[in-house]
Structure formats: structure tokens, C-alpha cells
Amino acid sequence: MQWWASKKISPSLKMAELLRIYVPSISSSIYSEKQIYQELFLTLALSGKYKEIFEESTKNMSEPDLKYIFKVMYSSSQESPSIKEKIKNFIGFLFTERNTDLVEIADIAIDNGDHENYQLIMMKYFKTVGDREEDIFIQTKFLKEIAKTNPSSLPSILFGQNALLTHYEKSSIGEVLETTENYILSLLFVEESFKIKEIMSKIIKKDSETNLLLGFFKKQCRDNQNITDYLIHVLKSKNENGFILVSNVLESCYSTHHSLIQLDQIVEEVEKNENCNKILCLLLKGIGKSLGNAS
């Protein structure tokens, strides 16, 4: 700009602030001249000149305050959506070029509703430090956030081939999933029998999801857990889809895990139902298929 080059206007901090997003080169010159380095670093970040931040840092022996920079960038992104992309790019630069620990930045990201970058930063952190017992609070906080915003990714994060985390409060994750009505997933994080039954009842009431419980019963059998009590709980619901579920469980599990299923107790419960014969036929059909498949 001619008016700037001709020095017709004296530089001021107010001018630098006003021009920071629109004419960052002028703002950078003002902050550099006045040796206000944190504002210089911020201006460079807002203009996407990430490498120059650290060049100036080295030259002026002043470490960038990344927490301050990101707080202002997030605040500015509300008025200028293009800054959101700059935030993402800056995080990527810090990972690849600087190998920076950004856990504190993750907190700023989530405080500003930036779930994508929060997850990116935390996964990078866990891959770097490993699965540490002292990170139980950080792991739990991270997984609770994932349970709220991207629950379908939880199984791969926790139980997939490259699973990283084991030190977290399972009950806290289960509570979040239950609150958001992700009942099937919540069963992965509940251990108390009474709580499992409580969640099962909620699933059975949502008829369309009842048969999704088949996976839960299969897992219980793989873990060598007696499933009789839970099957009886389903039968007590007197829900037709529940009866079908029990039959499907018997078909899937009876031939290989019959020791975990007390048929006499199940029959005793069925006999209390007015449709006893119909239900027994259904259950015997499941057992028959199971034994037939085994042979």
C-alpha cells in the first residue's frame, strides 16, 4: 500500500490489530519493530506462515505461546471461517515439523467445539506416549467425548487391531452412552449384573434393536460367562421379540456353550407364561438348529 510505504501514517498497535487478518504483512512489521513477539507469532499463524513463527522465535529468542495463539485463532474463526482451515493446518504443521505436545491445545479445541482436531491431537498423543496408567483421567475424558460425538468409532479405538487404551473408567463411558441412548454400545462398558439387566430392558422396549443383543450374548459365551440369568431376564419381559432373541441365542450358542446355559431354569421361567407351549416350541427350534449345525 502506497500510504504505508510512504510512511504517511505512523504505525500503532491498534492499527496492527485491525489489519492483522486483512493485511498481515503490515501487522507483522509493526509487531516486529515494537518487539511484541507473541502478537507477531499470532499474526504469522493467522496468515498461515507457520515456519516463519519458529524462525522469528529463534531469531528473537522468544518461545511462542501456543495456548494464547490457538485461543485467539479459535475466537477469530467465528468471524472468519477460513481461519478454521488455518487452525487445522497449523496443528498438522506442529505434528509433522515440530513434533509438539499439543494436549493443552486439545482442551482449547474441545472448549470451542472442534471435535475433529481434538480427536486428532489426542490420538497422536496416545500413540506417542503409549498406554499409561497415570493417564487415566485424560483417557477417560477423551473417550467420554468420543462417546458423545462419534460413538461408532469407540469399538475400533478400544478393541480394534491397533487398540491403544486400557486405563479409563469404564462406568463413565457407559453412562455417557446410556444417556445418549446408545444402549448396545453401553453394554461394553458395564460390569454390574443389575445394570446390564437395566440396559437390556431399555433395549427390549425399543423392539427394533432387540436382536442386536445377540452379539452381547455371543461375547458373554466367548468370555465363558453363564448367560442363564440374562436369558431369563429377557423372557420376563414377555416381549415377542425377546422370545425370538432367546431362540436365536440358543441356536448360536447352545451346541458350543451348553454348560453356560441352564435349560431347566429357562423352562421353569417359560412355564410361567400363558403362551408357554408356543415359546417352548420356539426355544426347542433354536436348540435343534444349533445341534444340527454342530453335527
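In the predicted model, the lining of the second largest pocket consists, by class, of 5 nonpolar, 2 polar and 3 charged residues. The residues concerned are E17, L18, R20, I21, Y22, L46, V72, S75, S76 and E79. The charged class takes in Asp, Glu, Lys and Arg, and E17, R20 and E79 are among the lining residues. The volume of this second largest pocket is about 240 Å³.

Two helices, α2 (13-19) and α6 (66-77), each supply at least two residues of the lining of the second largest pocket. Of the elements that contribute, α6 gives the most, with 3 residues. V72, S75 and S76 are among the residues that line this pocket, and α6 spans 66-77.

The largest pocket holds about 360 Å³ of space. Its lining is made up of 17 residues. By class, 10 of the lining residues of the largest pocket are nonpolar, 3 are polar and 4 are charged. The residues that lie nearest the centre of the largest pocket are L187, L188, F216, K219 and Q220.

Helices also take part in the lining of the largest pocket: α13 (183-186) and α15 (213-222) each supply at least two residues. The greatest contribution to this lining comes from α15, which gives 5 residues. F216, K219 and Q220, which are among the residues nearest the centre of the largest pocket, fall within the range 213-222 of α15.

Notes:
Residues are numbered from 1 along each chain as its sequence is written. This is a predicted model: local features need pLDDT of at least 70, side-chain atom pairs count only at pLDDT 80 or more; totals for chains, interfaces and linings use all residues. Side-chain values use heavy atoms; hydrogens and water are left out. On a 1 Å grid over the protein atoms alone, a cavity is a set of points where a 1.4 Å probe fits but cannot get out, and a pocket is an open set with protein on both sides within 12 Å along at least five of seven lines; lining residues have an atom within 4 Å of a point. Grid points are joined across faces, edges and corners, and a volume is the space filled by probe spheres set on the points. Helices (H or I, at least four residues) and strands (E, at least two) are DSSP runs, numbered from the N terminus.
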